[in-house]
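Dear colleague,

Please find the structure for your review below.

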Amino acid sequence: LYDRQTSIEAEFEEKIIISPNPTSSIVNLSLDCSVEKTSYTITNQSGQIVGERTVPMSSNQLQIDFSPFPSGVYFLTIRCGGELKTYKVVREG
């Protein structure tokens, strides 16, 4: 039986903390992702990919530098195993 209340998707979503948001440079991510590597993609409001990376998950912490990007709204898509979640990150000037 499939239990909607305890799906992997719900567990993954609840265990990601992104701060500070809005940011002027570094965004800290705290995620409970039990895979060796995770990847992320950053897209701008036009849907263009402005950054992507695959990183080893030696700890549950990730830092992403948004300082090279101009001020605006970005979408951060995180892959944990087979799950994808997208979050809005605001880059302040």
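**Arg 91 and its surroundings**

The backbone oxygen of Phe 66 lies 2.9 Å from a polar atom of the side chain of Arg 91, where a polar contact is a pair of N or O atoms within 3.5 Å, one able to donate a hydrogen and the other to accept it, and residues adjacent in sequence count only if both atoms are side-chain atoms. This is a predicted model, in which local features need pLDDT of at least 70, side-chain atom pairs count only at pLDDT 80 or more, and totals for chains, interfaces and linings use all residues. Residues are numbered from 1 along each chain as its sequence is written, and side-chain values use heavy atoms, with hydrogens and water left out.

Arg 91 belongs to strand 7 (strands are DSSP runs of E, at least two residues, numbered from the N terminus). With a relative accessible area of 12%, Arg 91 is buried (under 20%, 1.4 Å probe, protein chains only). Among the residues that Arg 91 touches are Thr 23, Phe 66 and Tyr 74, leaving aside residues up to four places away in sequence (contact means heavy atoms within 4.5 Å).

Three strands form an open, antiparallel sheet in the order 1-2-5 (two strands pair if DSSP finds at least two bridges between them). Strand 1 and strand 5 stand at the edges with a single partner strand each, so one side of each has no neighbour in the sheet. Strand 2 and strand 5 pair over five bridges, and Ser 30 has Gln 61 in strand 5 as its bridge partner.

With kind regards

Key: Helix = DSSP H or I, 4+ residues; strand = E, 2+ residues; numbered from the N terminus. Buried < 20%, exposed > 50% of the residue type's maximum accessible area, 1.4 Å probe, protein only.
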